[in-house]
Amino acid sequence: QDKPDSALWLTKQHSILKDSQIANLVGITKNSVTSIRNKSYWNFNNLNPKDPVAMSLFSQKDLISAIEKAERRIKREKNAKKK
């Protein structure tokens, strides 16, 4: 149950992360992350957002590197739109 809770926390706190990044960090399928983000997850009403770093699913370093990667992707997409 910790993994879907962690995915919900990540979608709320770090919305810039792609579903695939969250799935990779937490260790669940991309479809599960997408359904949690869309609130169509089968057990969504029973999910409680929990910090995955506090639950030792992965390290703070992993989270920071994923956020930096997402920020670089967003910057790259903005630059592509300008051209």
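## The nonpolar core

In this predicted model, the largest nonpolar core has 20 residues. L10, L17, I22, I36 and L63 have the most contacts inside it. Helix 1, helix 2, helix 3 and helix 4 (60-82) are the elements that give two or more residues to this core.

L10 lies in helix 1 and counts as buried because its relative accessibility is 0%. Apart from neighbours within four places in sequence, L10 is in contact with S15, L17, I22, V26, P52, F58 and L63. L10 is also 7.7 Å from D51, C-alpha to C-alpha, although 41 residues separate L10 and D51 in sequence. L17, another residue of the core list, touches L10, I22, R37, L63, A66, I67 and A70 when residues up to four places away in sequence are not counted.

## Overall layout

The protein has four helices and zero strands, and its elements run α-α-α-α from the N terminus on. Taken along the principal axes, its C-alpha atoms fill a box of roughly 45 × 30 × 20 Å. Of its 83 residues, 37% count as buried. Among contacts between residues at least 6 apart in sequence, 64% join residues at least 24 apart.

The mean pLDDT of the protein is 95, and 100% of its residues reach 70 or more. Among the elements, helix 3 has the highest mean pLDDT, 97, and helix 4 the lowest, 95.

## Helix 1

Helix 1 covers residues 2-13. With 12 residues at 1.5 Å a residue, helix 1 should span 16 Å. Its end C-alpha atoms are 16 Å apart, which agrees with that expectation.

The buried residues in helix 1 include P4, D5, S6 and A7, and L8, W9, L10 and T11 are buried there too. Helix 2, helix 3 and helix 4 are among what covers the buried residues of helix 1.

## Helix 2

Helix 2 covers residues 19-26. Six of its eight residues are buried, so helix 2 is largely enclosed by the rest of the structure. Those buried residues are D19, Q21, I22, A23, L25 and V26. Two of them, I22 and V26, are in contact with L10 of helix 1.

The cover over the buried residues of helix 2 includes helix 1, helix 3 and helix 4. Just after helix 2, G27 takes a positive phi of about 95°.

## Helix 3

Which residues of helix 3 are buried? Helix 3 runs over residues 30-37, and its buried residues are V33, S35 and I36. They cover an arc of only 165° around the axis, which puts them on the same side of helix 3. An α-helix has 3.6 residues a turn, so residues three or four places apart point the same way.

The buried residues of helix 3 pack against helix 1 and helix 2. One of these buried residues, I36, is listed with the residues that have the most contacts inside the largest nonpolar core.

## The loop between helix 3 and helix 4

K39 lies in the loop between helix 3 and helix 4, and S56 lies in that loop as well. Most residues other than glycine have a negative phi.

Are K39 and S56 buried or exposed? K39 counts as exposed because its relative accessibility is 61%. S56 counts as exposed because its relative accessibility is 62%.

## The aromatic pair

How many aromatic pairs does a search of the whole structure find? The search finds one. It is formed by Y41 and W42, whose ring centres are 6.0 Å apart and whose planes meet at 45°, so the pair is tilted. The angle falls between the cut-offs, since planes under 30 degrees apart count as stacked and planes over 60 as edge-to-face.

Note on methods
Residues are numbered from 1 along each chain as its sequence is written. This is a predicted model: local features need pLDDT of at least 70, side-chain atom pairs count only at pLDDT 80 or more; totals for chains, interfaces and linings use all residues. Side-chain values use heavy atoms; hydrogens and water are left out. Rings of Phe, Tyr and Trp (its six-membered ring) pair if their centres lie within 6.5 Å; planes under 30 degrees apart count as stacked, over 60 as edge-to-face and the rest as tilted. Buried means under 20% relative accessible area, exposed over 50%, partly exposed in between (1.4 Å probe, protein chains only). The arc is that of the directions from the helix axis to the C-beta atoms. Contact means heavy atoms within 4.5 Å. A nonpolar core is a set of buried Ala, Val, Leu, Ile, Met, Phe, Trp, Tyr and Cys residues joined through side-chain atoms within 4.5 Å. pLDDT is the predictor's confidence in each residue, from 0 to 100. The expected span of a helix is 1.5 Å times one less than its number of residues.
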